[in-house]
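User: I would like to learn how to read the features of a helical model. Can you take me through this one?

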Amino acid sequence: MALNDDQSIECLALKLMDYSLPKHDWSHRSHFAVALWLLRHRPELTAPDEIKKLISGYNEATHTPNTESSGYHHTITLASLRAATHYLEIHPSTTPVHVVLQSLMVSECGRSDWLLSYWSPKVLFSPVARRQWVAPDLSTMPF
């Protein structure tokens, strides 16, 4: 999925919301695309309990169990929302979402391992971090 225009990002977000998004389209880039779109257009769904409900429901619909080792991860989700919020804030509010996404993806956040600059694998991938917010143990996040 290219995600090179706001219409394709909106389509992606709506498919996630109605649980019709094919699992193979739920990539690192698409996670951020949906986060940006939700923050801009449906911010009420980005509250911690709401985003957990949305993503957990999507996982269940795509046969991905939400367990201590798979599925929804609260710390990663909230950290990613913080990063997405930061990228929306550093661009004018009229900047198209796909342009903000491109900016974010060429940053350190574009790497799938970006969170390992702030969390050790032991802490980030723990069952506790999957269930609830756990603060970084290596370095403070810049946003």
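**Around the helices**

Analyst: Just after α1, Y19 takes a positive phi of about 65°. Keep in mind that this is a predicted model.

User: What phi does L3 have, and where is L3 found?

Analyst: L3 is not a glycine either, and its phi is positive at about 55°. L3 belongs to the segment before α1. L3 is buried, with a relative accessible area of 2%.

User: Which residues of α1 are buried?

Analyst: Buried means under 20% relative accessible area. In α1 that applies to S8, I9, L12, A13 and L16. These residues cover an arc of only 140° around the axis, so they sit on the same side of α1.

User: What covers the buried residues of α1?

Analyst: The cover includes α2 (28-41), α3 (48-61) and α5 (97-105).

User: What happens at the start of α1?

Analyst: Look at D5 there. One of its side-chain oxygens comes to within 3.1 Å of the backbone nitrogen of Q7.

User: How are two packed helices described?

Analyst: Two numbers are used: the angle between the axes and the distance between the axes. Take α2 and helix α4, residues 74-89. They pack at an angle of about 65°, and their axes are 9 Å apart. The crossing of α2 past α4 is right-handed.

User: Which residues make that contact?

Analyst: From α2 come F32, A35, L36, L39 and R40. From α4 come S80, L81, A83, A84, T85 and L88.

User: One last site. Where is S120 found, and is S120 buried or exposed?

Analyst: S120 is in the loop between α5 and α6 (121-124). S120 is buried, at 15% relative accessible area.

User: Which residues is S120 in contact with, leaving aside its neighbours within four places in sequence?

Analyst: Those residues are D137 and L138. The side chains of S120 and D137 are also joined by a polar contact of 2.7 Å.

How values were computed:
Residues are numbered from 1 along each chain as its sequence is written. This is a predicted model: local features need pLDDT of at least 70, side-chain atom pairs count only at pLDDT 80 or more; totals for chains, interfaces and linings use all residues. Side-chain values use heavy atoms; hydrogens and water are left out. Buried means under 20% relative accessible area, exposed over 50%, partly exposed in between (1.4 Å probe, protein chains only). Helices (H or I, at least four residues) and strands (E, at least two) are DSSP runs, numbered from the N terminus. The arc is that of the directions from the helix axis to the C-beta atoms. Contact means heavy atoms within 4.5 Å. A polar contact is a pair of N or O atoms within 3.5 Å; within protein, one must be able to donate a hydrogen and the other to accept it, and residues adjacent in sequence count only if both atoms are side-chain atoms. Axes are lines fitted to C-alpha atoms, for helices over the stretch in contact, and angles run from 0 to 180 degrees between N-to-C directions. A crossing is left-handed if the near helix is turned anticlockwise from the far one by less than a right angle, and right-handed if clockwise.
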